[in-house]
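Reader: I would like to learn how to read a model like this one. Please take me through it feature by feature.

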Amino acid sequence: MFNIKQNNMNNVQFKPEGQLKEMGVKYSVKAQLGRPVDPNSARQKRLATAPGKKTGRPVNPNSARQQRLAELEAKRSNGTLRRGRPVNPNSARQQALREAAMKLLNEIQG
């Protein structure tokens, strides 16, 4: 006969976007590619009550890595962050490039 289970995707009455919207959870078509979401499950209720709550290992702000990241972010915001390999201005390549640039300038001006 008819399947009256509320969470069955074949059931025409099942509209996950409507049920999730009531709970404040954003509906995504991509999320529906797998098995259907039961908006009344304990997990979905827990996720809806704490949106944006990070799970997993907590961040230690005093760790060496976090201090290095904070320092990099500060340099990035100041515009003093230097990236890549440093240039040796006395190298043969840099001198050749400088001479080529001067030669080009002389040709343009002269």
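Reader: Is Glu 73 buried, exposed or partly exposed?

Author: Start with the cut-offs: buried means under 20% relative accessible area, exposed over 50%, and partly exposed in between (1.4 Å probe, protein chains only). Glu 73 has a relative accessible area of 44%, so Glu 73 is partly exposed. This is a predicted model: local features need pLDDT of at least 70, side-chain atom pairs count only at pLDDT 80 or more, and totals for chains, interfaces and linings use all residues. Residues are numbered from 1 along each chain as its sequence is written, and side-chain values use heavy atoms, with hydrogens and water left out.

Reader: Which side chain does Glu 73 meet in a salt bridge?

Author: A salt bridge is a side-chain nitrogen of Lys or Arg within 4 Å of a carboxyl oxygen of Asp or Glu. Here Glu 73 pairs with Arg 76, at 3.2 Å from N to O. Arg 76 is partly exposed too, with a relative accessible area of 48%.

Reader: Where do Arg 76 and Glu 73 sit relative to each other?

Author: Helices are DSSP runs (H or I, at least four residues), and strands are runs of E (at least two); both are numbered from the N terminus. Arg 76 and Glu 73 are three residues apart in helix α3, so about one helical turn separates them.

Reader: How many salt bridges does the whole structure hold?

Author: The search finds two. The other case joins Lys 75 and Glu 71, at 3.8 Å from N to O. These residues are four apart in helix α3, again about one helical turn. Lys 75 is partly exposed at 35%, and Glu 71 is partly exposed at 47%.

Reader: What about Leu 72?

Author: Leu 72 lies in helix α3, which spans residues 64–78. Its relative accessible area is 32%, so Leu 72 is partly exposed. Leu 72 and Arg 82 are ten residues apart in sequence, and their C-alpha atoms are 9.7 Å apart.

Reader: What is the secondary structure of the chain?

Author: Four helices and zero strands. Of the 110 residues, 10% count as buried. Contact means heavy atoms within 4.5 Å. Among contacts with a separation of 6 or more, 15% join residues 24 or more positions apart.

Reader: Where is confidence lowest, and where highest?

Author: pLDDT is the predictor's confidence in each residue, from 0 to 100. Helix α1 (residues 16–23) is lowest, at a mean of 66, and α3 is highest, at 95. The chain mean is 80, and 70% of the residues reach 70 or more.
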